[in-house]
Amino acid sequence: MIPDLWYKNAIIYSLSLDSFLDADGDGVGDFRGAMRRLDYLQGLGVSAVWLAPFQPSPRRDHGYDVADYYGVDPRYGSFGDFVEFVNACRQRGMRVIMDLVLNHCSDQHPWFRAALEDPDSKYRDYFIWADEKPEDAHEGVVFPGVQESTWTFSPEVGAWYFHRFFEFQPDLNIANPAVQAEILKIVGFWLQLGVSGFRMDAVPFLIAADGINVSNPEPAYDLLRNIRAMAQWRKGDAVLLAEANIQPSEAIEYFGEDGDRLHMVFNFPVNQTLFYALATGDAAPLKDALRTGPDLPETAQWANFLRNHDELDLGRLSEAQRACVFEQFGPDPDMQIYDRGIRRRLAPMLDAERTRMELAYSLMLTLPGTPVLRYGDEIGMGDDLTRPERDAVRTPMQWSDGPNGGFSLSPEPCNPPISTGPYGFEKVNVAKQRSDRDSFLNWTERSIRLRKELPEVGRGRCTVLDSPDTTLALRFDWEGLGSIFIHNLAEEAAEFSLNCLEEPPNDGDLVCLQTNARSKADANGHYHFSLEPLGYRWFRFGGLDELIQPPGVQH
Ligand code: NOJ
C-alpha cells in the first residue's frame, strides 16, 4: 500500500485568474481577487486549484504563449502575490497546480527573438527549422479553420520554423539537450516556490521529439521520466497531470509501466463517450472506453472532466457518433468548432435541466479517477457565442447580481461577464445559489463531500458491471471498502438486476447514500434496482458509518 497519494482522492478546480475575481478594479482578475474566494473553494470541497497560465505573455492564446517562464504577468499581481496565494491555499488545506506550457513558447520570448536576430545564437537550435517549406506543412494543424499551417517562414532567418499550434507559438526543440535542461529548471523553479504540481500542456506534442516528421514522430517518453524524477526529487508529493488526448492503448506509455512517468492523464476517450451517452442515452461506448483502459500502476490515475477551457473535443468519436452529439448539444454550426468539437458550456448544452445536470455531474464524480471541475460549472454558468472561438466559454465568474456580476468594479472589464438572457449574472450567480439550499451549487457541494468520503472511487479497483446499455453500473473496491454507482441515461425509467460478481464487503447490504435505504441481495446474489428517467444512485456496502474490519486483521 502507498498511503500518501493525495491526488487519488482529490477534487481539482480549474480557474483562470483573469476571469475569476478582479480585486484592484483594473478590469482583469488577479491573485488578490482569487485569494478572496479561497474560503468559497474550500467550502466547495476543492483540494487543488489548477491555475491557467499566469506567466508574462502577449496573451494571444490566453497565456498559452509564454514569454517568460520565470515570471508572473503583472496583470495578475506580483511575485509576492503569487507566493501569498500559494500560502493562503496551503493554510486552507488546498494545493496549487499550475499550467506548464513547454511544447512551445511565445514568438516574443527572448529565446525566439535571439534565434531570429542572431545567426550565431545558441537559441537558434532551441527551435525547429527547415530551409524549404515541408511538403506536409498543411497537415497536423491543431486548430483547423483558424490555423493554416504548421510551418511559417521567417524572413529574418530565411528559413521555416515549426509550430504545432498558432504561428506565434514556435515549438521548442526538445531534441536539444539544452532545451531539456531548461525544462527541468523551470519545473524545479516553480516547485521551489510552493506549487504541488503541473497540468502539462499538449504532452503528445511536447514529446514528439522529431518535429520535422509531423505525421509520425518518435515519442520521447524519457523526457517524461526525467521530469517526473526531477519533480519528485524537489518535492516528493508533486504531481504531473497531462493533457494528452490519446488512445487508451497508448496510455501506459504516458504513465510508464513502472509508474515512473506521469501521475495523471485526462481521460479524453471517457469524456467523449460520456457526452455521447448523455446525448443519446446509449452508454455502451462509455462502458467500452472504461473496460479497454489499461491496468494502471499503483501511482497512476485518470483525471475526469466534463467541460474545460477549450472546445468539447469529439474528435475520437466515430463520425456517426459525433453527428449525434452535435445534433443534441451543438446543432447550430456556430456552436461547433475546429470540425471536431463544441464551444459551449455544460449548462446550456443540457438546457440547464436540473435532472440532466445532476446526472452529468454524478457520472463525472463517480468515474474511476480524480474529478476536475471547471469554474462556474458548479452554478451552471452559460457561454457567450458572440465571442470568437473558445472565448465563448471563458466569460468571468458570476458571483452576484451586482456590477459586472461581482467580478470587477471596473466600468469596462477586459472580459465582460454575461449580462443578458437566461445565463446572465442577474439570474445565475453564486450569491443567489448560496441562499437556496436546493441550488445546484449546494447540490454540488454536498455531492463533493460525499464523493470524498468514498476513497475507494479514487483509489480502488473499478469493475464495469453488466447492466442494460442505457445504464452504467460501476463497482469500486479498496481496502475492505466497496461501493456501487448506477446511472440511467435513458428518458424512461429503468429496472434491472446486478450481479456484483465478487463477494461484497461487510454484510453485503447496499446502503443508498441519497436515501439511506438498505437493499439486500436475493438468494442468487443479485440486487434489484429501479431508477427514474435520468436517475442515479450511489451505494456503499454497509453504508458510510459502518465500522469495517481491515482485511487480514483478526480479533
Ligand atoms: C492546449 C490548451 O488546452 C489550449 O487551450 C491551448 O490553446 C493549446 N494547448 C496551445 O497551448
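How far does a polar side-chain atom of His 104 lie from an oxygen atom of the ligand? The separation is 3.0 Å, which falls under the polar-contact criterion (a pair of N or O atoms within 3.5 Å). The model is predicted: local features need pLDDT of at least 70, side-chain atom pairs count only at pLDDT 80 or more, and totals for chains, interfaces and linings use all residues. Residues are numbered from 1 along each chain as its sequence is written, and side-chain values use heavy atoms, with hydrogens and water left out.

**Ligand site**

- The residues around the ligand, meaning those with a heavy atom within 4 Å of it, include Asp 61, Tyr 64, His 104, Asp 201, His 309 and Arg 394.
- An N or O atom in the side chain of Asp 201 is 2.8 Å from an oxygen atom of the ligand.
- For His 309, a polar side-chain atom lies 2.9 Å from a ligand oxygen atom.
- Of the 290 Å² of accessible area that the ligand has on its own, the protein covers 97% (Shrake-Rupley method, 1.4 Å probe).

**Helix α11**

- Helix α11 spans residues 319-329, and its buried residues are Gln 321, Arg 322, Val 325, Phe 326 and Phe 329; buried means under 20% relative accessible area, exposed over 50%, and partly exposed in between (1.4 Å probe, protein chains only).
- Helices are DSSP runs of H or I of at least four residues and strands are runs of E of at least two, numbered from the N terminus.
- Viewed down the axis of α11, the buried residues fall within an arc of 140°, so they line one face of the helix; the arc is taken over the directions from the helix axis to the C-beta atoms.
- Glu 319, Ala 320 and Glu 327 are exposed on the face turned away from the buried side.
- Elements covering the buried residues of α11 include α9 (268-280), α10 (284-292) and β12 (336-337), where contact means heavy atoms within 4.5 Å.

**Strand pairing**

- An open sheet of 3 strands has the order β11-β13-β12, with antiparallel pairing; two strands pair if DSSP finds at least two bridges between them.
- β11 (312-313) and β12 stand at the edges with a single partner strand each, so one side of each is left without a neighbour in the sheet.
- Within the antiparallel pair of β12 and β13, joined by 2 bridges, Gln 336 stands opposite Ile 342.
- Strand β6 (residues 159-162) is covered on both faces, with Ala 159 and Tyr 161 buried on one side and Trp 160 and Phe 162 buried on the other.
- Strand β5 (residues 151-154) pairs with β6 in the antiparallel sense over 4 bridges, and Trp 160 is the bridge partner of Phe 153.

Key:
Polar contact = N/O pair within 3.5 Å; in protein donor to acceptor, adjacent residues only side chain to side chain.
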